Structure formats: C-alpha cells, structure tokens
Amino acid sequence: MAIMITDECINCGACEPECPNTAIYEGGAAWRWSDGTTLKEVTVDGGQTVSGVAPQTPVSDEYYYIVSDKCTECVGFHEEPQCAAVCPVDCCVDDPDYRESQEKLTAKKEWLHA
C-alpha cells in the first residue's frame, strides 16, 4: 500500500527530501509526474495523456502530502518507508485506500524510473 500523511502533520518537512520518488510535497504545492522520475507522459484514469512536467492539483492545501500513484513505500531503495522513519510525530502511515503487493510496488518503482 502507499503511505499517507495524516492531519497531525506539523509541517516540519523532514519527510520530503527522504522520498526517492519525489512523491511528497508541501501543502498547497503543485506536483508533477516528472519530479524525481523518468516519466515524460502519463496516461491517467479516463485514458487522458498528460505531460510529465504539467503541474497537478495539490492533494492538500494544509499540510505535506504524498502522491499515492508515485509512492512505492521505498521498495527498491530502502528496507522501510523513509518518510515514516524520519517523521517526528508518526503521521506517515499506511494508506488503507491504496493497498498494493510487494510485486506491484516493485513494478511501480520500475515504471517511475525506467
């Protein structure tokens, strides 16, 4: 599964530089598929193709957030999710809405960094 940041986030920013996929963004900041990946274009739900450098709508305006479609729980990089390891208030937790197997996380990592 992906990791999510709860509303208990104190906006310290410790998690952001730890993400190998650049899936973590400050609240209110637009995110991009190409940030920290090799993605040039992405076909999103509904079949629309978007540029990897096109800014996407922030997931949260209030606190740091994780783009679930870019989160691999650090599979292929580290033994454990680094955001959770460095979070001083333990607000980086498993996201129950995005359950993924080890195989799927590995495939996502390969897709992001082809």
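Tryptophan 33 counts as buried, because its relative accessibility is 4%; buried means under 20% relative accessible area, exposed means over 50%, and partly exposed lies in between (1.4 Å probe, protein chains only). Tryptophan 111 has a relative accessible area of 39%, so this residue is partly exposed. The model is predicted: local features need pLDDT of at least 70, side-chain atom pairs count only at pLDDT 80 or more, and totals for chains, interfaces and linings use all residues. Residues are numbered from 1 along each chain as its sequence is written, and side-chain values use heavy atoms, with hydrogens and water left out.

The whole structure holds 3 aromatic pairs. Rings of Phe, Tyr and Trp (its six-membered ring) pair if their centres lie within 6.5 Å; planes under 30 degrees apart count as stacked, over 60 as edge-to-face and the rest as tilted. The rings of tyrosine 25 and tyrosine 65 are stacked, because their centres are 5.8 Å apart and their planes stand at 25 degrees. Tyrosine 25 belongs to strand S2 (residues 24-25) and tyrosine 65 to strand S5 (residues 65-66), so the pair ties together parts 40 residues apart in sequence. Both tyrosines are buried. For tryptophan 33 and tryptophan 111, the ring centres are 5.9 Å apart and the planes stand at 70 degrees, so this pair is edge-to-face. Tryptophan 33 sits in the loop between S2 and strand S3 (41-43), and tryptophan 111 in helix H2 (residues 102-112), 78 residues apart. Trp31, Trp33 and Trp111 form one aromatic cluster.

The largest nonpolar core has 16 residues. Such a core is a set of buried Ala, Val, Leu, Ile, Met, Phe, Trp, Tyr and Cys residues joined through side-chain atoms within 4.5 Å. Ile5, Cys15, Ile24, Ile66, Cys83 and Cys92 touch the most other members. Beyond its neighbours within four places in sequence, cysteine 15 is in contact (heavy atoms within 4.5 Å) with Ile5, Ile24, Tyr64, Cys83, Val86 and Cys92. A second, separate core of 9 residues includes Leu39, Val42, Tyr65 and Val67.

The chain has 2 helices and 6 strands. Helices (H or I, at least four residues) and strands (E, at least two) are DSSP runs, numbered from the N terminus. Along the sequence they follow the pattern β-β-β-β-β-α-β-α. Of the 114 residues, 42% count as buried. Residues 24 or more positions apart account for 74% of the contacts with a separation of 6 or more. The C-alpha atoms fill a box of roughly 35 × 30 × 25 Å, taken along the principal axes.
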